[in-house]
Amino acid sequence: MSTVVREQDLEALVVGVTLLGSGGGGDTGAFGRMLRRRLGSGELLLQDAADVPAVSVSPIGVVGATSVLMEKLPSGGEFETAVRAVSRWTGQDVTGLMSLEAGGLNGLTALIAALDLGLPMVDADLMGRALPRLDQFSWAVAGRSLTPCALSEPSGQVIVVDNVDATGLERAVRSFVAQTGGWAVLALAPTPVQAATADAVQGSLTRALALGRAHAALAPAANPAAVAAGMGGRLLGSGRVEEVARHLITDGGAAFGRGSVCVVDSGNRSVIRIETENEYLLALVDGDPVATTPDLLCILDRRTLQPIAVDIVRTGDEVVVLALPGPTWWRRPDRIDHVAPQAFGLPYPPQLLEAS
């Protein structure tokens, strides 16, 4: 069944994809405004794969440094350039789009591309949330190739990458964006919609919209337990951020941030420690692990209930910490190791909320 997105739905959608970012995925604000301008008073359908059986979809989104992206926003032409390049290389037309990842700004970029290119938008993606690495795309985890694919950057350069595995593609992407401005649009090969979504997380943007609507329905002065219940999650605690630690780690020539956030619960004085990379990955209460990726760890401003990202949480913030159920796609034993804490070098087994 298709989900209709109209102008009045955009605020909820932006909050929803931000929550699916689990503290990462990049700043959604600018892309929310861009989507609002593109959509205007019109509407966009998030279509189930069964509703568009003849479509050949390309998963599309932005890769690279999201902080640079905020300084150099896409013109929109990057999407078309990448789609045309991968179509030329494969000899197949792209007749539909889906998201690379539903969490963070990439939950919105494919929608902008669909409006710009006049293509149907399939409600599926390759992560169901935000994750940092290309080998964590569901296609890669399922043993499918991510190539051929095309990369397009703001000044007009475009490359096609083929015949490499996910690790090789990661290296190619890093090299390309390091030389061309920090980010690029990535478009994967056009694939028949049923095959494309067979190894994808389906309905993730509809879920984002539902999360955003549940968030909007919360009373401004809602107590933390009511916030967690209203959003279908588990309250881990609420209180003041007492410490934020950040440091850089270099791995294979790439530098990325690691850190931790410590919150002292204002009620029982327990210490909540959240381990971070690009996203919130692991929560411990008084040293015991209580919630982990691939579930969603969220830190909300206590007063406004707006999500606070990993890179802007600060000492002194008054916050609510909660866990929301992650995509069920990752719960299978042959998949979860790719996104559990151990995949990020954290020596803890996954601690997941009960599946609803």
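1. The model is predicted, with local features needing pLDDT of at least 70 and side-chain atom pairs counting only at pLDDT 80 or more, while totals for chains, interfaces and linings use all residues. Residues are numbered from 1 along each chain as its sequence is written, and side-chain values use heavy atoms, with hydrogens and water left out.

2. One aromatic pair is found in a search of the whole structure. The ring centres of Trp329 and Trp330 are 4.8 Å apart and the planes stand at 80°, so the pair is edge-to-face (rings of Phe, Tyr and Trp, the last by its six-membered ring, pair if their centres lie within 6.5 Å; planes under 30 degrees apart are stacked, over 60 edge-to-face, the rest tilted). Both Trp329 and Trp330 are buried (under 20% relative accessible area, with exposed over 50% and partly exposed in between, for a 1.4 Å probe and protein chains only).

3. Arg335 lies over the face of Trp329, 3.8 Å from the ring centre, and the charged end of Arg133 sits over the ring of Phe344 at 5.8 Å from its centre (NZ of Lys or CZ of Arg within 6 Å of the ring centre and within 35 degrees of the ring normal).
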